[in-house]
Amino acid sequence: MGFIAVATDEAEIKRLGRRDIVIAWRGTVTNLEWIADLMDYLRAATLNNVHSHPDVKVEAGFLNLYTATESDCRFCKSSARDQVLSELRRLLQKYRGEKLSITITGHSLGSALAMLSAYDIAEMGLNQNQNQTQVEESIHVTVFSFAGPRVGNAAFKDRCQELGLKFLRVVNVHDSVPKVPGILFNEKLQMMKQLVDKLPWSYCHVGVELALDHTHSPFLKPTNDLSCFHNLEAHLHLLDGYHGQAERFYLSSPRDPALVNKSCDFLKEHHMVPPLWWQDANKGLIKNSEGRWVQPQRIRYIEEPHTLDTDEQEGIDLRS
């Protein structure tokens with residue numbers, strides 16, 4: 001479902017002024033995840049029994065994906081939550097005494113899981129960098145969300161603010177995913193706030209929104225394909241060309257616009273980039289010693305439990 005990485009380049013650490021730990025979540029892939037996306041009723045975010053806030057509620061499907069385990073799955077014997085917090089604790093211990101930051105990002109479903117894990121980390125107090133002799137400055141936790149849906153209710157938003165979490169939500173104004181769940185009852189109904197907040201389908205966006213518009217890009221063609229509006233590469237392209245409201249769109253980095261068409265058909269025809277062009281070389285086949293084209297043997301992963309109570313060991317790749 002994602003991965004955890006830590007900055008090791010000394011020049012980059014010096015440029016940032018800190019060592020950054022990155023948690024990245026991918027978007028929806030499996031059928032089970034599509035089902036979870038549709039479980040749009042609110043449930044209490046019972047992640048931490050020490051600091052319980054029963055009024056804080058989040059979408060049931062997102063919470064289930066974050067906390068569920070599956071005994072029959074070799075990668076799901078411990079939950080995504082346990083894997084993330086276990087590895088994060090290991091890294092925080094390894095780099096204890098350094099100035100650190102935690103950056104969490106994700107697209108679509110990954111955006112929701114990024115917000116949920118940021119809340120969890122702060123509620124657990126893992127970003128409270130404590131020294132044996134004095135309490136140091138808290139570790140900043142920042143979320144960069146791309147095309148993300150609403151995650152929780154107004155109490156979730158308020159609690160995230162109390163915890164000092166920072167969220168930047170990058171959205172395409174034509175994308176429908178950031179408008180759900182809570183398409184009818186959401187943060188925009190301020191005049192009925194007290195009534196709306198009590199409803200089991202009332203959701204509220206968190207953080208600051210950066211609204212982008214794909215019609216401002218001269219590279220993209222008009223289309224009715226909703227998947228193009230939601231595409232991550234398209235969002236990154238729009239972000240590259242954005243310089244403020246009412247400012248001219250122009251690309252400010254060497255990022256290739258051809259990446260937009262990796263998994264959709266969004267670029268204008270005269271750019272001569274075929275749609276849906278990305279695929280594995282030879283569709284994953286390799287030539288063996290006998291000259292036959294075969295599927296490679298799968299990498300064998302060592303199964304290892306990741307629980308919050310065990311000693312932290314090796315870095316992990318979240319493959320569930």
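Let me begin with isoleucine 104, which, if we set aside its neighbours within four places in sequence, is in contact with Ile23, Trp25, Ala114, Ser117, Ala118, Ile121, Val141, Thr142, Val143 and Phe144. Please keep in mind throughout that what we have on the screen is a predicted model.

Ile104 also belongs to the largest nonpolar core, which has 45 residues, and together with Trp25, Tyr119 and Leu165 it touches the most other members. At least two residues of this core are supplied by each of β2 (19-25), α3 (60-67), α4 (80-94), β5 (100-107), α5 (109-124), β6 (140-146) and α6, and the largest share, ten residues, comes from α5. Apart from this core lies another one, of 15 residues, which includes Leu212, Phe229, Leu238 and Phe249. As background for those of you who are new to this, nonpolar side chains in soluble globular proteins tend to be buried together.

Let me turn to α6, the helix that spans residues 154-162, in which Ala154, Ala155, Phe156, Arg159 and Cys160 are buried. The helix is followed by glycine 164, whose phi is positive, near 80°.

Leucine 184 sits in the loop between β7 (166-172) and α7 (193-196). Is leucine 184 buried or exposed? Its relative accessibility is 62%, and because the cut-off for exposed is over 50%, leucine 184 counts as exposed.

Conventions. Residues are numbered from 1 along each chain as its sequence is written. This is a predicted model: local features need pLDDT of at least 70, side-chain atom pairs count only at pLDDT 80 or more; totals for chains, interfaces and linings use all residues. Side-chain values use heavy atoms; hydrogens and water are left out. Buried means under 20% relative accessible area, exposed over 50%, partly exposed in between (1.4 Å probe, protein chains only). Helices (H or I, at least four residues) and strands (E, at least two) are DSSP runs, numbered from the N terminus. A nonpolar core is a set of buried Ala, Val, Leu, Ile, Met, Phe, Trp, Tyr and Cys residues joined through side-chain atoms within 4.5 Å. Contact means heavy atoms within 4.5 Å.
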